[in-house]
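Let's walk through this structure together, one neighbourhood at a time. Please keep the sequence and the 3D view at hand as you read.

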Amino acid sequence: MSMGIRKLLGGAVLAAIVSTAALAAPPPGHAGNPVFPGWYADPEAAIFDNTYWIYPTTSLRYSEQVGFDAFSSPDLVHWTKHANVLAMKDIAWAKKALWAPAVIEKDGKYYFFFAANDIQSDKEVGGIGVAVADKPDGPYRDLIGKPLIDAFHNRAQPIDQFVFRDDDGTYYMIYGGWKHANIVKLKPDFTGVEPMADGTVFKEITPAKEYVEGPLMFKRNGKYYFMWSEGGWTGPDYSVAYAIGDSPMGPFKRIGKILQQDTTVATGAGHNSVFHVAKDDAWYIVYHRHPLGDKVGNHRQVAIEKMVFDNDGKILPVVMTTDGVEAHPLR
Ligand code: FUB
């Protein structure tokens, strides 16, 4: 669309037209964005047994945010919904709201880490919990009957956990809201945390003053990539930035934003995770965003785009689309 036509139409009309276009069918062989219907956020991306999985937050009012759905796909285009794989009624200590899954497989079991109750101080019960199942789609049951992390450490709210397995088989959890990020070493059976080599249990790795929440870590060519969200999740400026370090503990220096609103596509793009397809080294960023012109904070939808690195290993700015990615079968 030319700039002249854009000006003629004005922002509101253009937003309505673009929103309608977003509902149109994607080109053949493309996933389309959002990738599945419904208000969902904080997507956790995982590949289990040659199948793509996305575990999102159900983005509703707290009183309705009482369970998790999961989505699976053989090719990034065709998605199957698995309803209510973990429910609040099966977590005795969870009373208020559930969000931000992190799901891993170990020794044939699936571990589902989640945040519950949105605790505002150490006086409240809640924090980060863990559930276990025999299949990726559950049913998941609470592993330890209490939160795994139940208090503030280094001023980090115990939410938004991500579990990272290093090459030596050590599992770390990176987590934290309220502008602080911690890393902890998980016990091999995930029933708790244990001290790291230097004796620290809760090590702060907040990478920059802009850090807000939604941390994620992955390793590529021997380097540790740390991604996180900045801005407020209910508004348009929510975005994703990253750093690269030589160890899971950093130090991490912010390189810059790689995903942010595009006023012709969507706003509030953040809280991401990634798919890495080992067979052809393809990378995808999975994130949530608000539809254009929609000011309701919980109106978040899950989208996927290609994630591309330059020759120096830097992540190129992500281009948000409504077409979504092309089919990428795993089998
Ligand atoms: O979905 C609830 C909150 O929204 C998450 O904890 C944040 O990361 C933000 O995405």
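Strands here are DSSP runs of E with at least two residues, and the numbering starts from the N terminus. Asn-272 counts as buried because its relative accessibility is 3%; buried means under 20% relative accessible area, exposed means over 50%, and partly exposed lies in between, with a 1.4 Å probe and protein chains only.

A word on the background before we go on. This is a predicted model, in which local features need pLDDT of at least 70 and side-chain atom pairs count only at pLDDT 80 or more, while totals for chains, interfaces and linings use all residues. Residues are numbered from 1 along each chain as its sequence is written, and side-chain values use heavy atoms, with hydrogens and water left out.

Strand E1 (residues 40-48) runs antiparallel to E2, and seven bridges join them; two strands pair if DSSP finds at least two bridges between them. E1 and E2 form a hairpin with two residues between them, and Asp-49 in the turn has a positive phi of about 50 degrees. Within this pairing, Tyr-40 stands opposite Thr-58 in E2. Strand E2 (residues 51-58) is mostly covered, with eight of its eight residues buried. On to E3 (residues 67-73): three bridges join this strand to E2, again in an antiparallel arrangement, and Tyr-52 stands opposite Ser-73 in E3.

Strand E3 also holds Asp-69. Is Asp-69 buried or exposed? Asp-69 counts as buried, because its relative accessibility is 11%. The side chains of Asp-69 and Tyr-40 are joined by a polar contact of 2.6 Å; such a contact is a pair of N or O atoms within 3.5 Å, and within protein one must be able to donate a hydrogen and the other to accept it, while residues adjacent in sequence count only if both atoms are side-chain atoms. A polar atom of the Asp-69 side chain also lies 2.7 Å from the backbone nitrogen of Asn-84. Beyond residues up to four places away in sequence, Asp-69 touches several others, including Tyr-55, Lys-81 and His-82.

Next comes an open sheet of four strands, in the order E5-E6-E7-E8, with antiparallel pairing. Strand E5 (98-106) and strand E8 (141-142) stand at the edges with a single partner strand each, so one side of each is left without a neighbour in the sheet. Seven bridges join strand E6 (residues 109-116) to strand E7 (residues 127-133), and Phe-113 has Val-130 in E7 as its bridge partner.

Finally, which residues are around the ligand? Among them are Asp-42, Trp-99, Glu-213, Tyr-238 and Arg-300, with a residue counted as near when one of its heavy atoms lies within 4 Å. A side-chain N or O atom of Asp-42 is 2.5 Å from an oxygen atom of the ligand. For Trp-99, a polar side-chain atom lies 2.8 Å from a ligand oxygen, and for Tyr-238 the distance from a side-chain N or O atom to a ligand oxygen is 3.3 Å. Taken alone, the ligand exposes 280 Å², and the protein buries 96% of that.

Notes. Accessible areas come from the Shrake-Rupley method with a 1.4 Å probe; for residues, only the protein chains shown count as cover. Contact means heavy atoms within 4.5 Å.
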